[in-house]
Amino acid sequence: ENEVGVGVQSASASEQGVDPPSAPRNLDVATIGPAQFTVTWSIPSDTGVGGTTRPLLSYRLEVINDPETAFAADNLYFSVDLAPNVLVYTKTDFIGGTNYTFRVLASNDAGLGDASATVKVPAIALPGPPTSFTATITGPLVIALQWGIPTDTGFGDATTAPIREYAVNVSTTGAFAGEETILFSGGGSDFSFAHSGLVKATGYHYRVFARTDAGWSDPSEAFEEGITVPSAPQALSMVVASPLKIDATWQLPADTGTVGTLRPLTKITLDLIVSATEVASPNWSSPTTTLVLANDTLAYNFTGLIKGYYYYARVTGTNTAGDGDPSAVAEERGLSVPDRPTGLTATIVGPLEFLVSWVKPADEGLGTGATPNRLLAAAAYQLEMSTSSSFAGASTFTGFDNETTSYSVVGLTKAQRYYFRVFARNDAGTSVQSVQSDKLAISLPTAPRNPSVTISTANELELLVRWQLPSDTGAGDQSVALT
């Protein structure tokens, strides 16, 4: 308006009463890799006019790191202004091993609004490999895998960054060049897996990985072979070695669980059943004695046995897959040395010839009257002959079977006295000597001397025949009485 009057009106203008926006909502910080984060949020519920109709001008993302606690300008590790339509921001160059605190603010024409709630997250590196990874045979063609949490899950400890997943790969070549398969994938609280259905004598290479939000760790590795239980030990035998002692011997199984005997056994089990009477089918569910022996043991000596008792044994090999089949059963009896033979006599049966005879021992080593015959089949007796009662320089005769109880001695020396003794023998040893017997070797007598025939003076019808003893009745003189 001036002195002339009121001019034309201006264009109209209007504006709202605007407050700074409220705080952005739903702030979230997600780890997407080693020391890498993606930050997301939602628009404020009030962009300045009591609703969301007022356009925002920008967002400001602010980050501080430990030990800072206040978002002062000098404390900021990082800040960035973003367009009002941006609700996601990713940054990949944080420093691992540090905690970071995030907040976001929105601005409009009235200025910078309230800050969002803060979110504090650690910047984590990739986890270390799982610990204590083992592959252990737990049964025929079964391998149990076990592992532990990494000592460092990405923040210098085992707790700050949780393990989200474990995965196990397996390869039969160990190359891990694409031929491997994923054997197992499980949660962060899974620490074991049983791998079954294996192929005998095949080696299995395993790798286990741990995953956190930052990614997958390097692997831990283990190896084991698929094996079965061993076959039965071979050639078990029991042999009497000395009085009341039995030596048991055997050979390793032909198959110890893999190819041949390449897989060591873990132990040998020797079961023994003792019985006073013969047992047709020993009950191995309750043996008298069970002995656990070293894995390379091939012999055992049983001592202090009971005479005449029956001893049954079997052997089982064990490897890490379990107990194998038992061997065939072997048996033997507790055997002592035999009693000495009795009734030893030397009988003259011809010129310079004796028949030496004796009676079998009542106890051949199993007890009086026990059967079967336990004297040695081809060397049951040992007969000794000497010209001295001390048996110095004795001649020894052996090779008697266990049914022979006599022996003819020829070619003796005339007028020589011979002394005899006999021993019985079985697998346990040799008996004490029999009672000695002796006999003088004689030849036939020479002819009677000076024979004569005369008419009897008492009766002329009778003849009187006279002679003298031979000068040698068999021993070179007249000492041997004629029969």
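The model is predicted: local features need pLDDT of at least 70, side-chain atom pairs count only at pLDDT 80 or more, and totals for chains, interfaces and linings use all residues. Residues are numbered from 1 along each chain as its sequence is written, and side-chain values use heavy atoms, with hydrogens and water left out.

Strands here are DSSP runs (E, at least two residues), numbered from the N terminus, and two strands pair if DSSP finds at least two bridges between them. Next, select residues 353–359, strand 26, which six bridges join to strand 25. Within strand 26, Leu 355 is the bridge partner of Thr 347.

**Cis peptide bonds.** Move to the loop between strand 3 (58–65) and strand 4 (78–82), where Pro 67 lies. The peptide bond from Asp 66 to Pro 67 is cis, with omega near 5°.

**Positive phi.** Most residues other than glycine have a negative phi. Select Ala 35, in the loop between strand 1 (25–33) and strand 2 (36–42); its phi is positive, about 55°. Ala 35 counts as buried, at 7% relative accessibility (buried means under 20% relative accessible area, exposed over 50%, partly exposed in between, with a 1.4 Å probe and protein chains only). Finally, select Asn 450 in strand 33 (residues 449–455). Its phi is positive, near 50°, and Asn 450 counts as exposed at 53% relative accessibility.

Definitions and conventions:
Helix = DSSP H or I, 4+ residues; strand = E, 2+ residues; numbered from the N terminus.
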